[in-house]
Amino acid sequence: MHDLERLQKLTRHVPSDAWDIDVTGILSEVTSNYLRVRGLSSGVNLGDQVSFNNGRETCFGEIIKIDAESVIVKPYSPRNDLGLGTRIKRAGELCLRPDPSWKGRVINAMGKPVDMLDPLKRGAEEVPFNRPPPPAIQRKRVTEHARTGVRVLDIFTPMLHGQRLGIFAGSGVGKSTTLSMIARSNSFDTVVIGLIGERGREVREFIEETLGEQMGKSVVVVATGDESPMMRRLAPKTAVSVAEYFRDQGDSVLLVLDSITRYAHALRDVALAAGEPAVSRGYPPSVFTELPALLERTGPGVEGTGMITAVISVLVDGDDHNDPVADNIRGLLDGHIVLDRHIAEDGRYPAVNILQSVSRLAQHAWSPQERDLVLKLRAMVAKFEDTKDLRMMGGYKQGVEPFLDQALEIVPKLYKALSQSSTDPSSTDAFTELAQML
């Protein structure tokens with residue numbers, strides 16, 4: 001007992017960081033998709049970060065698979081300059097330290113500034129990249145209307161603070177333009193934008209032309225299409241982590257992710273490198289586990305905090321709305337806005353298909369009179385579109401059906417009233433403006 005007491009007395013004076021032991025391994029295989037490292041298996045966990053030096057700089061990667069003999073590491077940047085025998089060191093968990101001064105800045109997926117301005121100030125609180133969502137029973141109710149400034153959305157698919165909406169469309173139909181119009185809304189305290197897999201050319205255009213004065217209250221997270229799958233996989237988590245920080249400060253946050261499909265593509269690349277089998281059109285099972293884990297972190301916070309209103313673009317591959325990713329995400333969100341290529345070809349923007357778009361929380365935004373009006377307008381649009389072929393063949397005579405006659409008079413005016421370009425001023429009261437235009 002006397003020896004044990006002496007040992008306890010000695011250890012009280014040992015600094016806590018003295019127990020941190022460097023765990024290192026040796027690079028044993030290099031491929032274009034992953035690195036295999038021996039000697040780390042017993043000292044790391046799945047998802048841990050590792051670091052290594054290529055002779056010029058310190059680089060990082062993530063452990064995506066562990067077996068008895070070795071671990072598989074996916075680097076955050078392509079590595080063509082590593083040789084066998086390179087020492088790989090455990091680096092622990094990756095974390096962010098957001099700060100209110102981050103507003104107005106552009107950062108990459110690692111939380112490093114890319115806007116050529118001053119270094120970012122590190123906040124006092126450490127925010128993990130893989131934070132669990134708030135407990136379901138403690139989350140606030142979603143009841144407060146948030147105006148987007150886009151007439152067709154504010155009328156037919158209204159958005160609420162804390163809601164999660166998806167914009168579904170194929171390539172070139174106007175997803176990014178619609179998102180940019182929503183991002184200019186004045187209904188939010190903070191805007192966090194994640195540009196995932198976008199063209200590098202579009203980044204400055206989005207910041208300088210679209211956001212403009214709104215940039216002062218925005219944080220932009222960028223992982224362009226030429227960056228590695230690991231960076232594109234990390235960028236949405238970075239954006240959500242920053243949004244969670246401002247939500248916990250009490251802000252009403254608008255989170256824009258463009259696009260979640262490229263996040264799914266990055267998840268697929270990493271999972272396939274880890275040896276997962278492809279089960280649904282090339283997507284491994286873990287993709288459909290990661291998507292809800294990310295999206296559930298958005299939405300309302302617990303009582304006493306703010307809200308994260310998420311608007312997420314979904315690139316529908318081949319205009320197939322039953323694509324596995326699109327179908328899965330549609331079931332996770334609180335509403336979906338469908339952009340139609342045929343409407344875009346007619347020159348009507350935003351190319352929203354009114355009949356296929358749904359906001360599951362619209363009843364909290366509409367008054368009883370507005371609800372009745374929207375239902376009647378939807379019915380007119382449905383009648384107008386269903387009889388288009390018949391009318392073009394000359395098979396309908398005016399005066400036979402009064403409701404169709406009314407639709408023929410109102411719907412063309414409605415389509416014109418709902419058209420709105422990205423350069424038009426934002427709508428302030430969509431129903432009043434619609435009444436004046438009709």
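This is a predicted model: local features need pLDDT of at least 70, side-chain atom pairs count only at pLDDT 80 or more; totals for chains, interfaces and linings use all residues.
Residues are numbered from 1 along each chain as its sequence is written, and side-chain values use heavy atoms, with hydrogens and water left out.

**Stop 1: the domains.** Colour domain 1 (22-90), domain 2 (95-363) and domain 3 (369-437); these bounds come from an automatic or database domain assignment. The C-alpha centres of domain 1 and domain 2 are 31 Å apart.

**Stop 2: the interface.** Now show the residues where domain 1 meets domain 2: eleven from domain 1 are in contact with ten from domain 2 (contact means heavy atoms within 4.5 Å). Next, select Glu62 and Arg233, whose side chains form a salt bridge at 3.2 Å, N to O. The rule asks for a side-chain nitrogen of Lys or Arg within 4 Å of a carboxyl oxygen of Asp or Glu, and it finds one salt bridge across this interface of domain 1 and domain 2. On the domain 1 side, strand E4 (58-66) and strand E5 (70-75) are the elements that give two or more residues to the face touching domain 2; strands (at least two residues) and helices (H or I, at least four) are DSSP runs, numbered from the N terminus.

**Stop 3: Glu198.** Move to the loop between strand E13 (190-196) and helix H4 (200-211), where Glu198 lies. Is Glu198 buried or exposed? Glu198 counts as buried because its relative accessible area is 6%, and buried means under 20%, exposed over 50%, and partly exposed in between (1.4 Å probe, protein chains only). Leaving aside residues up to four places away in sequence, Glu198 touches Ser176, Ala223, Thr224, Gly225, Asp258, Ser259 and Arg262.

Stop 4: Finish with Cys59, which is buried at 4% relative accessibility, and Cys95, which is partly exposed at 26%. With a disulfide taken as a pair of cysteine sulfur atoms within 2.5 Å, the count comes to zero disulfides.
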